[in-house]
Each structure stands twice: as C-alpha cells, then as structure tokens.
Amino acid sequence: MKTLIIISDSHGNLKGVQALLPKIAENDYVIHLGDGAGDMREARSLYPEKVYACGGNCDFFSPLPEDGELEIEYVKIYYCHGHKYRVKSELGLLAKEAKRRGCDVALYGHTHQASITEIDGVTLINPGTLRRSVGEGGSYCYLVINKEKFTPVIVGERYI
C-alpha cells in the first residue's frame, strides 16, 4: 500500500505547504500540480525522492515539466495543471489524454475547486487549492493506492 498527498494552486502560500510537512514526511509521495510549485522547495529539499511537481500557467519561467506520469503499484497516474485541457469548461479532453496514455487516474488543478469524477474509465481528481491553508478554506487530496485499487479523499473544503 502506498499513500500520496496531492496539492495544487498554492500560489505562494508557504505557510500552508509548511503545515503539511509532517503529512508529507509520513506519506510515500507528494505531487504539486502547479501554480505555486516553487512553494515545494523545502519539501523537495527534505524529501527529494518523494516530491513530484509540474508547472502551471502562473509558474512563469519554471524549469518544471508541464506534465508527468507515475506508476504506483498497479495504478498509472497522469498529472498536469490542467489549463491546456480547458478543465474550467470541461474534463473530456483531459480524460481522453489520460486514456490515450493508458492511465487510470488523471490529477489536475487550475480550477481551485476540489472534485473527484470519472469519465470513460478514468478517475479525474482535483485537490482544490492550497491558496489558503487547510482549515481556512484550502484543501488537498489524500490518495491511497493498494495494488490496483485506489481511494481518493479530499481533505479541507467541501468538494463538488
């Protein structure tokens, strides 16, 4: 069994990211989905083997890739910020890209609204925004993977 913390859209909220450092320490992976991916510097320094990140539309001049793939146990994950797939208006393009890559899960941000949905056999997960700290309106996703099964849980604000 592996556990992940998924963060997006922290937009400079270092306090919110630092508050999650104990959780990051006790989980196997952490993924930041852009727009504040630089906020992960301390986590990346402390846990370089478990921190993954991609750039978002507000990560200007970032050396980070715009997306990535990760296979954990038997679950293949595609992650991106989401802006290039027009996720504010629909999720079909993102689901299609994840499916094309053979992924079971697509992680995305950009909308600042936490969401878990399924399209054409792909589970799409948006952890919401960490622009505000958890408990102050912010959220993240806790994802448990056990062999080929996975369970996402949004922690913080309500999700749609």
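**Exercise 1. In which sense do strand 1 and strand 2 pair, and over how many bridges?**

Conventions come first. The structure is a predicted model, in which local features need pLDDT of at least 70 and side-chain atom pairs count only at pLDDT 80 or more, whereas totals for chains, interfaces and linings use all residues. Residues are numbered from 1 along each chain as its sequence is written, and side-chain values use heavy atoms, with hydrogens and water left out.

Step 1. Strands (E, at least two residues) and helices (H or I, at least four) are DSSP runs numbered from the N terminus. Two strands pair if DSSP finds at least two bridges between them.

Step 2. Strand 1 and strand 2 pair in the parallel sense, over four bridges. Within this pairing, Ile 7 stands opposite His 32 in strand 2.

Step 3. Strand 1 also has an antiparallel partner, strand 9, to which five bridges join it. Here Leu 4 has Leu 143 of strand 9 as its bridge partner.

Step 4. Five of the six residues of strand 1 are buried, where buried means under 20% relative accessible area, exposed over 50%, and partly exposed in between (1.4 Å probe, protein chains only).

**Exercise 2. Determine the strand order of the five-stranded open sheet and describe its pairings.**

Step 1. The order is 4-5-6-8-7, with mixed pairing. Strand 4 (67-72) and strand 7 (115-119) are the edge strands, each pairing on one side only. Neighbouring strands are turned by 20° against each other on average, direction ignored; axes are lines fitted to C-alpha atoms, for helices over the stretch in contact, and angles run from 0 to 180 degrees between N-to-C directions.

Step 2. Strand 4 and strand 5 run antiparallel and are joined by six bridges; Glu 69 stands opposite Tyr 78 in strand 5. Their hairpin has two residues between the strands, and Glu 73 in this hairpin takes a positive phi near 55°.

Step 3. Strand 5 and strand 6 pair in the parallel sense over three bridges, with Ile 77 opposite Val 105 in strand 6. Strand 6 (residues 105-107) and strand 8 (residues 122-126) likewise run parallel, joined by three bridges. Val 105 has Thr 123 of strand 8 as its bridge partner.

Step 4. Helix 4 (residues 92-100) packs on the sheet and touches strand 5 (75-80), strand 6, strand 7 and strand 8; its direction makes about 125° with that of strand 8. Contact here means heavy atoms within 4.5 Å.

Step 5. Five of the six residues of strand 5 are buried, so strand 5 is largely enclosed by the rest of the structure.

**Exercise 3. Which residues of the largest nonpolar core touch the most other members?**

Step 1. A nonpolar core is a set of buried Ala, Val, Leu, Ile, Met, Phe, Trp, Tyr and Cys residues joined through side-chain atoms within 4.5 Å.

Step 2. The largest core has 19 residues, of which Leu 4, Ile 77 and Leu 107 touch the most other members. At least two core residues come from each of strand 1 (2-7), strand 2 (29-32), strand 4, strand 5, strand 6 and strand 9 (139-146).

Step 3. Beyond its neighbours within four places in sequence, Ile 77 has contacts that include Leu 4, Leu 70, Val 105, Leu 107 and Leu 143.

Step 4. As general background, nonpolar side chains tend to be buried together in soluble globular proteins.

**Exercise 4. Classify the aromatic pairs and state the exposure of their members.**

Step 1. Rings of Phe, Tyr and Trp (its six-membered ring) pair if their centres lie within 6.5 Å; planes under 30 degrees apart count as stacked, over 60 as edge-to-face and the rest as tilted.

Step 2. A search of the whole structure finds two aromatic pairs. The ring centres of Tyr 29 and Tyr 52 are 6.0 Å apart and the planes stand at 40°, so this pair is tilted. It links distant parts of the chain, with Tyr 29 in strand 2 and Tyr 52 in strand 3 (residues 51-53), 23 residues apart.

Step 3. Tyr 78 and Tyr 85 form an edge-to-face pair, with 6.2 Å between centres and 85° between planes.

Step 4. Tyr 29 is buried at a relative accessible area of 16%, while Tyr 52 is partly exposed at 26%. Tyr 78 is buried at 0%, and Tyr 85 is buried at 16%.
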